[in-house]
Amino acid sequence: MQKFLLVVLVAFGCFTLTRAQNLQSPSAFLGYDIGTQFSRHHQVIDYFESVAEAVPYNVKVEQYGTTNERRALVLAYISSEENIENLETIRENNLKNTGLLEGEPTNTDVAIVWLSYNVHGNEASSSEAAMLTLYKLLTERKDLLKNTVVIIDPGINPDGRDRYVNWYNETKSTPYDIDQQASEHNEPWPGGRPNHYLFDLNRDWAWATQIETQERLKVYNQWMPHIHVDFHEQGPNEPYYFAPAAEPFHEIISDWQRDFQTQIGQNHVKYFDAEGWLFFTRERFDLFYPSYGDTYPTYMGAIGMTYEQGGHGMSGLGILNDEGHVLTLVERLTHHTVTGLSTVEIASKNAKQLNTEFAKFFDNSNLKYKSYVVKGNQDKLNSLKSLLSKHDIKFENANNGKVSGYDYATGKQGTMSVDANSLVIHTNQPKGKMVKVLFEPNAKLNDSLTYDITAWSVPYAYGLDAIASTSKVSSSKTYEGKMPTVLSEAYGYVSKWNSLKDAQFLADLLKHDFRVRFTEKPFSSNGENFDRGSLIITKGDNKHLEDFFGTLNQIKQKYEQHLTQINSGFSQTTPDIGSPDIKLVNKQKVAVLYGEGTSSLSYGEIWHFFEQQLHYPLTSINTDDLSGTNLNKYNVLIIPNGYYGSVLNENNLQKINDWVQAGGKVIAIDGALRSFAGKDGFSLKYKSSDNYSSNDNLTPYAEREREYTNNLITGAIFKTKIDNTHPMAFGYSKDYFTLKLGSSTYDLLDSGYNVGHLADTKVYSGFAGKDALANLGNTLVFGEERKGSGSFIYFVDNTLFRSFWENGKLFLVNSVFFVNNNAYEL
């Protein structure tokens, strides 16, 4: 019997050894020592798949999405053989533990750790570290997998990573050059940091505007990990940063979350101290703005953390930093590997408590507001529903009546009438704390030194009336809205104009060669009233279309538009349909500047908006080519936020001015206004500041940074007065809540149209320094200045910022299609 057992054990040992021998290290698989070259995204994925093939009992790899450039988005699940066999049960137990899934969990002893790498494409050491972390978990630290499930996303931003890696691989010297001024340390515009549409994916978690985020959240919210780490890089002169985070912490973050991230940091310290590595904690990177890879998981109950390795895109394979140290890719990925393994280690040691405390986070009984009630335009409500659904946040419809509480429109207590079309979002649901974060009127800020914007409240962002109620509001789960009806033949049809859905409808009509009119004055027909901006599609204008009614019905159904039939061109109240005040919408040819000088983020927001939201063609013109570009081929030129000192030189500025005089339209956004403000012939002027104190230079050195916040506006919300009789503001009411991102101010135009301005400086949400506020009253927000037959259109505030301020997007569409419609059509 003993001989038999010995034979079995030897055979089993040989089998295990054979299985393990199939597992290659990253260096062996890649054919070069890891860290001596940058691996392309497909090589990283190939390695993960080879490991899953070698040890399928410990690793499962799945593709969860595809990028805009068709690269795979992949997750790997790493754990013990028993846990991999029971992966679905572990997942369900975790959701049951939070109340997100009905039923009692059968086991809550397994910690779930999610490690996310390379959200910024040119912070490329982390995907290399992901491969080494995977290998070491399966070889040196397999003991940790008995009670942990480790989820690794080796590349959140494959398009940005390959943009950086391909550039670096084709640019670098051999051997690599450590001189900071060498070309391999200076990326060309736009750099590898953003994704295909040049969005910063680390600021997209809450808004989920990008395909990478949308696909990732589907899986993330099915797992809800206990710990989430986002791996980054900072400048080459900075050491390593890890938790605990800096203040401010959002008030919903629990004492346990604060304490345990400190424990994690202290676990890292023992490894860094042993090697004499430099690091810092509790500085710079706070936990406030909800759309980061550390804050979003935190507000979903996890221990969310950012780890920052010195390096960044300028460091390449190696760079001599300002302290005389040659910082290499090998060193950078080694540090990330150590913190990744250390995170799994402490999770394993505290798996039971992680589960217990995680469950406690989802008790929302102490939240002040029990319900948030919103009402308004149905299209905007539907957009909000779409956002909530991406986060698996439940919503219901209000029962008829009145609700009382904090009124977002006035900034004080008030009452609002509601009906079945009104939306109610309760906080007594598992994700109630995230509801609070997204909807709270004004997030509590305990420190004005923050890393990002301080206001984002979605009722303001979506342009909806809202009440925050301290009592649970009566609501029902089911309500079916009216479905659009099929059209019958008539003289013409009128469509409302007050949402992005209406703009998409117009864009599709124009692409199908419909001739569409819009009204500059209110009118009534067939007993119905129509506001400025309403679209009119007549049978007589569209005789050139083979199937006018069929195509119109098809487009109408696609965008769920309600079209009102009119039986005559004669209106009950003027203007009639043939009036000069009802104009044809020109099929505008739109161009945008991109390249050196432009903010890649601002350009990306415009590019993404036209391609993925408005679905209307856009031509990008490189700033290097502007002097030789024939602007007469375009009706509209959009100039994104940027610094155009050399781009908009005297010759190019004169060229643009002449083009506008002949009928073109320039739309200048945010920093682009600097190129026109104060210039001869322009009404746009900076507002001078009277707040400078001669004692400012006596402020102590240690207090300068905090004192400077008096001059800052870090993403605060203000009520703007709107001239909604101007075509730029069609579809808006007389009040609009704007997200102001900075303290640059401009006087009201003395020759032109002040479409939007700040009449007072009350802050409805967010932080604004006292000196910045003192200079903000009666300043321009949106304006139009006529030049000859054309126009310069000014956006002091960027309505496309990160693509989440939904209520501002129609200003841009109006500017393209409605403003100065007398401008020439090609």
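1. The protein chain holds 22 helices and 35 strands, where helices (H or I, at least four residues) and strands (E, at least two) are DSSP runs numbered from the N terminus. Its radius of gyration, taken over C-alpha atoms, is 29 Å, close to the 28 Å that the globule rule (2.2 Å times the number of residues to the power 0.38) gives for 826 residues, so the chain is as compact as a globular protein of that length.

2. This is a predicted model, in which local features need pLDDT of at least 70 and side-chain atom pairs count only at pLDDT 80 or more, while totals for chains, interfaces and linings use all residues. Residues are numbered from 1 along each chain as its sequence is written, and side-chain values use heavy atoms, with hydrogens and water left out.

3. Of the 826 residues in the protein chain, 59% are buried, meaning under 20% relative accessible area with a 1.4 Å probe, protein chains only. Among contacts (heavy atoms within 4.5 Å) between residues at least 6 apart in sequence, 79% join residues at least 24 apart.

4. Tyr-240 lies in strand 6, which covers residues 240-241, and because its relative accessibility is 1%, Tyr-240 counts as buried. Beyond its neighbours within four places in sequence, Tyr-240 is in contact with residues including Phe-231, Phe-272, Tyr-307, His-335 and Thr-339.

5. With the side chain of Thr-339, the side chain of Tyr-240 makes a polar contact at 2.8 Å, that is, a pair of N or O atoms within 3.5 Å, of which one must be able to donate a hydrogen and the other to accept it, and residues adjacent in sequence count only if both atoms are side-chain atoms.

Technical notes. Buried < 20%, exposed > 50% of the residue type's maximum accessible area, 1.4 Å probe, protein only.
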